[in-house]
Amino acid sequence: MDVVILGLGYVGLPLARAATGAGLTVVGFDTDASVVASLAAGRSHVDDVPGDDVDRMLASGFHPTAEESAIGPVDTAVICVPTPLSTDGGPDLSAVIAATRTVARILRAGMLVILESTTFPGTTDEIVRPILEESGLIAGRDFHLAFSPERIDPGNKKYGPHNTPKVVGGFTPACTRRAADFYGRFVETVVPTKGTREAETAKLLENTYRHINIALVNEMARFCHELGIDLWDVIRAAASKPFGFQPFHPGPGVGGHCIPIDPHYLSYKVRAKLGYPFRFVELAQEINATMPAYVARRVQDMLNEAGLATNGASVLLLGVTYKPNIADQRESPATPLARHLHALGAKLTYHDPYVTDWSVAGVEVLGTDDLEGAVANADVVILVQDHDRYDADALARIAKRFFDTRGVTTTDDARRL
Ligand SMILES: NC(=O)c1ccc[n+]([C@@H]2O[C@H](COP(=O)([O-])OP(=O)(O)OC[C@H]3O[C@@H](n4cnc5c(N)ncnc54)[C@H](O)[C@@H]3O)[C@@H](O)[C@H]2O)c1
């Protein structure tokens, strides 16, 4: 085997597909036996990798396994395991540490080890390297070590693993070159950095930049509403400037992994190491986290204007995933929004072509397949996620009340965030 990929999720599986497609033999190691079993049967659990691709990968020698003993000798190990937050809101590197220990047990002289999981600056050097060096082999001398952030954008039809430039930072310049050669086999452009910390921080800068700019327009959404200014029209006009401005849009909150979670890794490092806050990140978190409650308030106001109480009102949520046209529900703002509405006594139902079951705080929310019927019957409909399946203007016209959190409606029958 040429490569072992540890963690076969949203990041690891597309990487395994790209490496297999480049003619490399890949063993995929995942501690979740059900993930491995379904991949071995040709089924994919990742939106961007269809089952047919998994079949092709298996035919090209891709070997998914949950058994460490099945990994065997490899030239390269790539770690793509989750980096969530711990219960106290700090980084939880337990999966990175466990996966690094697995690599340490198979480490041989001449190997290349790459960490792809998003994490705070210093992780590769201060956490991964010492564990690997417990083997007696020394990074930069006996094996190569690098960090390369994953930039995958689930559901993006234009930019995938092959045409999204890959940032690569090695522990030494030779480590950078070796890792760049590895990715150069299946990625069009490799962008080397000075070292591992620069590559780690580049990823966090990208995500923090979006987090902050989304918070900016979310804050503006509130006061523009009070001032009677259509912020969506403002953004459209500002975006006509061909330089120096990139449009961001308000919404019901931020979801996925990159925006709500990753900036915590950077603010944690700044606070833990330097003792002061990363104020932009903390402010952005505060603003973005209050958006679900703000949407619930606006919906409450809408019902109130019609003389209706939220308590007992039927509220239909359209789209509960964190991005359009995918099934991923991680950190979706639909969940806290549902919690707020539920606390106000609303009777919730949802529609989402990508989600068959949906529970909030352990309570199952009733789903419906009859989109038009449910829209017409609900006291208020909230467009939470704008899947392509929805014709928002047409739905707003048949709804009693329609609240559009994505700014996609043009009809006066809808109220926009
Ligand atoms: N999903 C994205 O869009 C995205 C984009 C860029 C970066 N990232 C980053 O990439 C990393 C992986 O994210 P993901 O979305 O692929 O996560 P994921 O949850 O989809 O998949 C991770 C997989 O790793 C497995 N795993 C956990 N511990 C393991 C271990 N010790 N050894 C082997 N496998 C183990 C899990 O069972 C799971 O299948 C995270 O750091 C994330 O922040 C994710």
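Q: Is leucine 348 buried or exposed?
A: In this predicted model, leucine 348 is buried, because its relative accessible area is 16% and the cut-off for buried is under 20%.

Q: Which strand does leucine 348 lie in?
A: Leucine 348 belongs to strand β10, which covers residues 347–351.

Q: How far apart are the C-alpha atoms of leucine 348 and aspartate 404?
A: The separation is 17 Å, for two residues that are 56 residues apart along the chain.

Q: Back to β10: how many bridges join it to β9, and in which sense do the two strands run?
A: There are 5 bridges between β10 and strand β9, residues 314–318, and the two strands run parallel.

Q: Which residue of β10 stands opposite leucine 317?
A: That residue is tyrosine 350. Tyrosine 350 also has a bridge partner in β13, namely glycine 367.

Q: What is the sense of the pairing between β10 and β13, and over how many bridges?
A: Strand β13, residues 366–367, pairs with β10 in the parallel sense over 2 bridges.

Q: Changing topic, what about the ligand: how many residues are around it, and which come nearest?
A: There are 25 residues around the ligand, and Val11, Asp30, Thr83, Thr118 and His257 come nearest.

Q: Where do the side chains of aspartate 30 and threonine 83 stand relative to ligand oxygen atoms?
A: For aspartate 30, a side-chain N or O atom is 2.6 Å from an oxygen atom of the ligand. For threonine 83, a polar side-chain atom lies 2.5 Å from a ligand oxygen atom.

Q: And how far is the polar side-chain atom of histidine 257 from an oxygen atom of the ligand?
A: The distance for histidine 257 is 3.0 Å.

Q: Next, the aromatics: how many aromatic pairs does a search of the whole structure find?
A: The search finds 7 aromatic pairs. One of them joins phenylalanine 182 and tyrosine 183 in an edge-to-face arrangement, with 5.0 Å from centre to centre and 65 degrees between the planes.

Q: Are phenylalanine 182 and tyrosine 183 buried or exposed?
A: Both of these residues, phenylalanine 182 and tyrosine 183, are buried.

Q: What sits over the ring of tyrosine 183?
A: The charged end of lysine 166 is placed there, 4.7 Å from the centre of the tyrosine 183 ring.

Q: Which residues form one aromatic cluster?
A: Phe120, Tyr265 and Tyr268 together make up one such cluster.

Conventions:
Residues numbered from 1 in each chain as written. Predicted model: local features only at pLDDT ≥ 70, side-chain atom pairs only at ≥ 80, totals over all residues. Heavy atoms only, no water. Phe/Tyr/Trp six-rings, centres within 6.5 Å; stacked < 30°, edge-to-face > 60°. Buried < 20%, exposed > 50% of the residue type's maximum accessible area, 1.4 Å probe, protein only. Lys NZ or Arg CZ within 6 Å of the ring centre and 35° of its normal. Pairing = 2+ DSSP bridges. Helix = DSSP H or I, 4+ residues; strand = E, 2+ residues; numbered from the N terminus. Near = heavy atom within 4 Å. Polar contact = N/O pair within 3.5 Å; in protein donor to acceptor, adjacent residues only side chain to side chain.
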